[in-house]
Amino acid sequence: MASPSFDTLSRKIETRTARAGIIGLGYVGLPLAMAVARSGFAVTGFDIDPGKMVALDARRSYIDAVSDEALAAEIDAGRFKATTDFAGLADCDVIIICVPTPLTKHRDPDLSFVEATSRSIAAHLRPGQLVVLESTTYPGTTDDVVKVILEGTGLKSGSDFFVGFSPEREDPGNQHYHTATIPKVVAGDGAEALSLMKAFYGAAVSSVVPVSSNATAEAVKLTENIFRSVNIALVNELKTVYAAMGIDVWEVIDAAKTKPFGYMPFYPGPGLGGHCIPIDPFYLTWKSREYELPTRFIELAGEINSAMPRYVVGKLAEALDIRAGKALSRSRVLVLGLAYKKNVADIRESPSLRLIEIIEERGGRADYHDPFVAEIPPTREYQALKGRRSVTPTPETVAGYDAVLVATDHDSVDYAALVKSASLIVDTRNVFNRLGLSADHVIKA
């Protein structure tokens, strides 16, 4: 026999009369809120940042994946509103957690945002609600952390309320896929929770992929990002080895990817950025200690990728010494690109920040240009860089630097003009060769 709470919530989801509450209106939460609202559900967005409320009230999006027009359309239709008042969670039938899951300085999981959010939900929990975690985490978090906090109210998962996990799969800047068209992995604490998950997400996205447990769904997300981390580490290591042999790793990859089977191209770079790949693998390495199982492969990949910014600065120093006869400690460097990937404004975990820090630790001076990032905002790790502003790369300005270090290859940059005005370029993205702009003073790193 299905529980009354399940029957009531199922009917609300089926008839689109359920209200969804989405906690955390960032790169994951705001696009999800738009997708859910467009499918016909009323959505309340919750966030502790009053600045986001000001922007949303003005119908101004701060996320590239959501246009001002799309935001305004859902607000004007009465399907979306946002607030900092978490008391409104009591009115929500489906509550989705989209908050950060960073690492501590010792690379241990920091679940403080998930735990605090779960306690906020618990304060307003009532029968007939579905609570979903989307934040990336280690297997077991949904059941052992979120569910436990919620059941501290005396209500029981699977009868009074329901708990599920669905990993976010956002890819900032991706022009081919968006929230509603990316298949959605879903899981629940029991058959009824899974049924609700399939019904709710199936109404908002093109397809759902049900799996057997919340822990399995949590492992899916980690596996996707560990796959990328390990393969990027491999080509980063190959880059250093082939460079010592006088072989261009980019040429090797371009030739290798012509094989129509058994190979997938990954590309080296100055380090890893974004929330997922630099962070998520360590959630599994931390959890594996509970089972006394080593994760040598994953940890080695993390070490290789983490070492890339220092390797790149080493190549920069070497190029300055050999090509310009100048020490890095007496040089001015323009870092091109602050975002962690091309054509977006996202600087989370960007290796460019670490590059600037290392250059200045070694006595040099580093400025940056990024057409998407006018000013460095506050960050947890790089407080000293807060407030620095993007330099306009006029020919005269570029000529005043001893080197230009290409960290992110935004399409809108005039690379042809850059190659003419810069005295030395260190390219970590192969952009000049790709555009047919190779020159003697362009060094790959």
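Q: Contact means heavy atoms within 4.5 Å; which residues does Ser-229 touch by that rule?
A: Leaving aside residues up to four places away in sequence, Ser-229 touches Leu-272, Ile-277, Pro-281, Ala-301 and Asn-305. This is a predicted model, in which local features need pLDDT of at least 70 and side-chain atom pairs count only at pLDDT 80 or more, while totals for chains, interfaces and linings use all residues. Residues are numbered from 1 along each chain as its sequence is written, and side-chain values use heavy atoms, with hydrogens and water left out.

Q: Why is Ser-229 called buried?
A: Ser-229, which lies in helix α8 (residues 214-244), has a relative accessibility of 3%, and buried means under 20% relative accessible area (exposed is over 50%, partly exposed in between, with a 1.4 Å probe and protein chains only), so Ser-229 counts as buried.

Q: What makes helix α2 (residues 29-38) largely enclosed by the rest of the structure?
A: Nine of the 10 residues of α2 are buried, so the helix is largely enclosed; the buried residues are Gly-29, Leu-30, Pro-31, Leu-32, Ala-33, Met-34, Ala-35, Val-36 and Ala-37. After α2 comes Gly-40, with a positive phi near 115°. Helices here are DSSP runs of H or I with at least four residues, strands are runs of E with at least two, and both are numbered from the N terminus.

Q: Are α5 and α6 roughly parallel or roughly antiparallel, and how do you know?
A: The axes of α5 (residues 112-122) and α6 (residues 141-151) cross at roughly 30° and come within 9 Å, where axes are lines fitted to C-alpha atoms over the stretch in contact and angles run from 0 to 180 degrees between N-to-C directions. Angles under 35 degrees count as roughly parallel (over 145 as roughly antiparallel, 65 to 115 as roughly perpendicular, the rest as oblique), and α5 and α6 are therefore roughly parallel to each other. Among the residues making this contact are Val-114 and Ser-118 of α5, and Val-145 and Ile-149 of α6.

Q: Why do β10 and β13 stand at the edges of their sheet?
A: Five strands form an open, parallel sheet in the order β10-β9-β11-β12-β13, and two strands pair if DSSP finds at least two bridges between them. β10 (365-369) and β13 (442-444) each have a single partner strand, so one side of each is left without a neighbour in the sheet. The partner of β10 can be read from the order: β9 (residues 332-336) and β10 pair in the parallel sense over five bridges, with Val-333 opposite Ala-366 in β10.

Key. Contact = heavy atoms within 4.5 Å.
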